[in-house]
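Hi everyone, thanks for having me. Please bring up the model on your screens, and we'll walk through it together.

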Amino acid sequence: MTRTLIRGGLVVNATGTLLGDVLVDGERVAAVTTPGLVTEADRVIEAHNRYVIPGGVDAHTHMEMPFGGTSSHDTFATGTTAAAWGGTTTIIDFAVQARGTSLLSTLDKWHARADRRCAVDYGFHMIISEVTDGSLKEMRQCVDAGVTSFKMFMAYPGVFYSTDGEILRAMQRATETGSLVMMHAENGIAIDELVSQALAAGHTDPIYHGLTRPPELEGEATARAIQLARVTGAPLYIVHLSARQALAAVAQARDTGQNVFAETCPQYLYLSIEDMAKPDFEGAKYVASPPLRTKDHQADLWRGLRTNDLSVVSTDHCPFCFKDQKALGREDFSKIPNGMPGVEHRMDLLHQGVVAGELSLERWVEVSSTTPARMFGLQGRKGVIAAGADADIVVYDPAARQRISALTHHMNVDYSAYEGMEITGRVETVLSRGSVVIADGTFHGHEGHGEFLPRGLSHYLI
Ligand code: URP
Ligand code: ZN
Ligand code: ZN
């Protein structure tokens, strides 16, 4: 087995920092030691003036996701390669139940798509699009197969939407199975009405996607989901939280001791509804749900990250090409496929929070790696640099400068939502289970290196 020594870096875990060496033996971390203690290794990676951090865990991605008559443009191969470039060594993607099909056949389908394709390790959540006796029963088999979290939608009536009664039933089943319900919390019934009214008034531009999904309807749905969870005793994880109204509902629930967790995404921390107003249909690049909010929400989200009312940052990476896919909604904003690219830039974008004093170094690692690993049953293996953990490690140069651009990114999409943004810091070397996948500005990994991760129950619920 290859012994790799990562020498002289600042090892950053959620629990603290240590100037030291990391010894990797095969696929695992063997030891974190004071500098110079270990001298023999097959390979030495110098990390002076660098951070040595656990590989990122992006708990919310959509590779090859069917949506609005098309599919997100990154495959499991291209998307996980881009993730590696950005220092993310684990993704948790979503298997999507189509109506009329079972959860287990869905899981088989997604395994077939990802198997031997991924460059880094991956797991699945399951999207429940149809609550039936059969799908509720299958939740247990999903848990046994390592899929321990289920996403439901209060938005997209007629597609993914579940009624409150259906959500209640699924939450009861989640309580029985120890699994975690993830909620897309927007009031889709009210939103659809606003969308119809906007279109009837001739408002077809991308900005109307944002204007017809007001933050109050995210706040309302979040509060409703929380009450349903309270009644059923189910833990709840709010995905892609964007609005202060939703954050207030989460904070209030947490203050009363309820097991409610939430994630936000870089786009809500850095972009705003103004981007959706860009001329020449450029605003379509920023169409995602929930939509980008006015800038004043951003300070609340950063504060939520510090207070732990927001405990995870995921990307909701769901890329659609501007030219061929976003264009489906040129005449009608409601036909623009929802989603934005981002899996490659999460660690860098969050590092800007460290540079700006919004987050400590440890908190950067915690929200991007440690907590998502624990939240989704990968504790011990991922999200930490400690003896016995998988050697998913990033050597990060905090002083490097780079500029984000679609010309240089590795995601399979023809634009960047952060085009031209100057970044302080850069991923230098990436190890995935002990193998060097990024070094010297080159991808050294390969499709199929990434393994499926059967996940346990959430660390926060045991
Ligand atoms: O607009 C988004 N977020 N697209 C991906 C699907 C989802 O709701 O997460
Ligand atoms: Zn969603
Ligand atoms: Zn999503």
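Let me begin with a question: which helices do the buried residues of α5 pack against? Before we answer, please keep in mind that this is a predicted model.

So, find helix α5, which covers residues 188-200. This helix has 13 residues, and from its first C-alpha to its last it reaches 18 Å, close to the 18 Å expected at 1.5 Å a residue. Now colour the buried residues in α5: they include G188, I191, V195 and A198. If you look down the axis of α5, the buried residues fall within an arc of 80 degrees, so they line one face of the helix. And here is the answer to my opening question: those buried residues pack against α6 (207-211) and α7 (215-232).

Next, the metals. What coordinates the zinc ion we call ligand 2? The residues are K151, through NZ, H184, through ND1, and H240, through NE2, at 2.1 Å. Along the sequence, these donor residues are spaced K-x32-H-x55-H. H184 lies in strand β12 (residues 180-184) and H240 in the loop between β13 (236-238) and α8 (244-255), so this pair ties together parts that are 56 residues apart in sequence. Are these two histidines buried or exposed? H184 is buried, with a relative accessible area of 1%, and H240 is buried too, with a relative accessible area of 1%.

Now move over to the zinc ion called ligand 3; the two zinc ions are 4.0 Å apart. Ligand 3 is coordinated by H60 (NE2), H62 (NE2) and D316 (OD), at 1.9 to 2.1 Å. What is the geometry of this site? The site of ligand 3 is tetrahedral, with angles of 89 to 131 degrees among its four donor atoms. The spacing of the donors along the chain is H-x1-H-x253-D. H60 sits in strand β6 (residues 56-61), while D316 sits in the loop between β15 (312-313) and α12 (346-355), so the pair ties together parts that are 256 residues apart in sequence. Both H60 and D316 are buried.

Which residues is Q267 in contact with, leaving aside its neighbours within four places in sequence? They are L292, T315, D316, M340 and Y418. The side chain of Q267 also reaches the backbone oxygen of T315, at 3.1 Å. Q267 counts as buried because its relative accessible area is 4%, and the cut-off for buried is under 20%.

One last stop: F452, in the segment after β19 (442-443). Not counting residues up to four places away in sequence, F452 touches H111, Y122, G123, F124 and A145. And how far is F452 from A201 in space? C-alpha to C-alpha, the two are 48 Å apart, and in sequence they are 251 residues apart.

Note on methods: Residues are numbered from 1 along each chain as its sequence is written. Chains are lettered from A and ligands numbered from 1 in the order in which they are written. This is a predicted model: local features need pLDDT of at least 70, side-chain atom pairs count only at pLDDT 80 or more; totals for chains, interfaces and linings use all residues. Side-chain values use heavy atoms; hydrogens and water are left out. Donors are N, O and S atoms within 2.8 Å of the metal (3.2 Å for Na, K and Ca); water is not among the atoms, so sites may look incomplete. Four donors count as tetrahedral if all angles lie between 85 and 135 degrees; four count as square planar and six as octahedral if opposite donors are over 155 degrees apart and all others between 65 and 115; anything else is irregular. Helices (H or I, at least four residues) and strands (E, at least two) are DSSP runs, numbered from the N terminus. Buried means under 20% relative accessible area, exposed over 50%, partly exposed in between (1.4 Å probe, protein chains only). The expected span of a helix is 1.5 Å times one less than its number of residues. The arc is that of the directions from the helix axis to the C-beta atoms. Contact means heavy atoms within 4.5 Å. A polar contact is a pair of N or O atoms within 3.5 Å; within protein, one must be able to donate a hydrogen and the other to accept it, and residues adjacent in sequence count only if both atoms are side-chain atoms.
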